[in-house]
Amino acid sequence: MPSKIPQHFIDDLLARADIVELVDSRVKLRKTGKNYSACCPFHDEKTPSFTVSPDKQFYYCFGCGANGNAIGFLMEYDRLPFPEAVEKLAATRGLEVPREQLAPGQEKRQKESQSLYQLTEKVADYYREQLRSHPTAGNAVAYLRNRGLSGEIARDFGIGLAPPGWDNLLNALADTPEKADQLELAGLAIRRQDSDGNTKPNSRHHYDRFRNRIIFPIRDQRGRAIAFGGRVLGDEKPKYLNSPETPIFHKSRELYGLWEARQANRNLERLIVVEGYMDVVALAQFDIRCAVATLGTACGEDHIQLAFRHTTELLFCFDGDRAGRTAARRALESALPQMQDGRSLHFLLLPEGEDPDTLVRQLGGERFQQLMEEQALPLEDFLFDLLSEDLNLQTMDGRARLSKLAAPLLDLLPEGVYRQLMFQQLASRTGLDKETLQEVIQAEKARNTQVQRSQPQQTTAEQEHRVPLEPNQDSQHRTPPEPWPRDRAPYLAEASPQEPGNLRRSGQYRLPPERMLIALLLHHPQLSAQIKDLEHFRTSSDPDLALFAQLVELLRNRPEYNLNQLLGYWRAHHGAESCDTLAQLAASQLVSSIRQLAQGNSNLEYDPQTEFSDCLQRLKQTADKQRKRDLLAQLKSGTQLSQEEQLALLANWRRKDN
């Protein structure tokens with residue numbers, strides 16, 4: 001049973017490793033000044049934008065945003081999970097990876113997960129064997145052949161059979177009540193209930209979840225079977241049945257067919273997102289081996305993030321009926337916050353009554369590929385066409401309604417060139433300038449806030465099953481999705497007239513203050529000493545400020561950490577997504593850009609301590625303004641203010657007057 005790798009070993013390993021040597025062994029690097037460069041191994045490009053810094057022991061691609069240290073590179077390039085990447089890097093230095101004892105709770109969970117992984121692999125083997133040898137397998141084989149699937153594709157996707165009967169799997173793998181309980185934990189057996197609602201002790205009281213169905217194993221990114229999907233052979237309902245969520249399976253974080261697509265393509269140029277297992281398998285049968293499917297749920301933000309880790313282009317291919325259009329809209333809304341520059345999104349809605357499975361068998365693989373190339377709409381066309389349905393853009397009312405529908409959605413896009421171009425496109429379609437569109441966004445946010453405050457709170461389950469309104473419905477009663485936290489890339493601030501001696505803060509690359517604090521801290525860890533009251537940041541509802549608090553706390557405990565060691569620690573303890581956020585800020589060129597400006601102009605200054613203090617002051621001013629707005633709102637509503645609140649409001653007015 002593998003235990004935890006000590007953090008001090010990871011730190012020492014990263015200190016010994018040479019990222020230039022490691023990357024150069026896989027991607028030929030060329031010296032460019034202090035750093036090394038190459039064409040990025042994680043996306044197609046002709047001009048090198050992939051940079052490796054020997055000083056920081058860090059890599060970054062300015063095209064696709066890939067970034068990290070030596071361990072992160074091995075994870076991405078060699079497709080390894082974190083422990084295996086550490087093992088591989090240690091082997092290059094002749095080091096043996098030590099292990100330390102886990103906390104009792106962690107060890108119990110890890111043992112439970114490992115046991116479930118072993119069980120689900122045995123179950124996958126069992127189902128495959130039934131497709132070959134069970135007396136009723138002929139019907140299943142005939143069904144698959146009738147759907148046009150070959151033995152090779154069935155093998156590649158591990159397709160199997162759950163035979164008819166209530167306890168085939170239980171009889172094969174659960175000869176004790178304890179093993180039956182484990183099958184239940186894995187989502188493969190269901191506990192029977194007696195008439196009084198209780199189960200009999202010390203007896204196996206389960207039945208198989210999957211019965212008389214074609215079985216599709218769902219594999220994680222390491223190729224392990226973690227769950228299953230089953231399709232009936234006839235017309236019974238439900239047609240598809242999926243494993244429930246378990247300790248090792250979370251449907252919102254997995255894509256069916258992703259592991260198989262990666263095995264078939266060393267470099268995935270594109271992923272085609274479809275709705276069902278048979279769509280994925282049928283496309284693979286016609287040599288389109290880059291399709292994935294969500295697992296009985298709408299395509300969410302986690303699915304999009306997972307897909308974009310492996311490619312820069314996604315194509316959503318859905319049925320053209322109402323359900324397919326709703327699914328496409330949900331996917332669109334989930335994808336917008338992930339549309340960093342360099343990423344591409346297309347949509348293809350098939351004729352009503354057709355799906356990728358049926359259509360590719362009619363057209364063949366080559367013509368289906370041609371259909372995607374010719375008829376798939378890029379995100380910008382699909383979004384505006386979808387929102388413009390039933391709107392007359394020749395009228396002022398039609399253009400006004402389009403702006404109210406589209407502007408809040410475009411506001412979900414991360415900062416960058418693509419966001420600017422999308423707002424320009426909306427401006428050209430509505431005749432409104434960018435400033436007016438920003439006013440529309442703020443007005444819609446205010447309206448939605450008022451609507452939410454006046455309505456009862458929804459439960460989590462209700463929110464997950466909320467179906468977005470169609471775009472032609474009255475926008476006054478439509479609730480666009482609230483912008484959720486997103487990575488805000490550096491942007492060029494608006495330059496304002498200033499005195500020549502005070503040019504430091506005009507026309508430079510700036511981040512929002514909460515992210516500026518993190519970026520400065522990554523480059524200048526000693527700034528953490530300026531933070532006296534950490535609790536204020538630790539309890540903040542802003543995820544960036546909470547992240548900042550965690551970073552300050554780490555640097556107080558490990559003041560000797562450099563950037564490379566910090567990222568190694570962060571990936572091990574907080575996961576890849578949180579580490580990527582830090583890495584993007586570290587590689588944003590924010591600080592280096594200001595330094596370069598300062599070197600060329602004596603009027604420009606770069607003082608990290610002043611920048612840090614300035615960000616803290618800006619956050620305080622923002623908080624003060626919000627408090628003033630809240631107090632004024634209370635006054636307007638007739639709420640009596642306390643003496644302390646009255647004094648605070650009065651002090652704020654006096655500062656404004658002075």
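**The hairpin and its neighbours**

Author: Bearing in mind that this is a predicted model, we can begin with strands S1 and S2, which form a hairpin with 2 residues between them, and Gly33 in that turn has a positive phi of about 70°.

Reader: Okay, and in which sense do S1 and S2 pair, and over how many bridges?

Author: S1, covering residues 30–32, and S2, covering residues 35–38, are paired in the antiparallel sense over 3 bridges. Within that pairing, Lys31 stands opposite Tyr36 in S2.

Reader: Which strand does S2 pair with over residues 50–53?

Author: That is strand S3, which pairs with S2 in the antiparallel sense, again over 3 bridges. Phe50 in S3 is the bridge partner of Ala38.

Reader: Switching topic, what about helix H17, how far does it reach?

Author: H17 runs over residues 396–410, and its 15 residues reach 20 Å from the first C-alpha to the last, which is close to the 21 Å expected at 1.5 Å a residue.

Reader: And which residues of H17 are buried?

Author: The buried residues of H17 include Gly398, Leu402 and Ser403, and the list also has Leu405, Ala406, Ala407, Pro408, Leu409 and Leu410.

Reader: Zooming out, how many helices and strands are there in the chain, and what share of its residues is buried?

Author: The protein chain has 28 helices and 18 strands, and of its 658 residues 46% are buried. Its accessible surface comes to about 32800 Å², with 47% of that belonging to carbon and sulfur atoms.

Technical notes. Residues numbered from 1 in each chain as written. Predicted model: local features only at pLDDT ≥ 70, side-chain atom pairs only at ≥ 80, totals over all residues. Heavy atoms only, no water. Pairing = 2+ DSSP bridges. Helix = DSSP H or I, 4+ residues; strand = E, 2+ residues; numbered from the N terminus. Buried < 20%, exposed > 50% of the residue type's maximum accessible area, 1.4 Å probe, protein only. Areas by Shrake-Rupley, 256 points an atom, 1.4 Å probe, with all protein chains shown as cover. Expected span 1.5 Å × (residues − 1).
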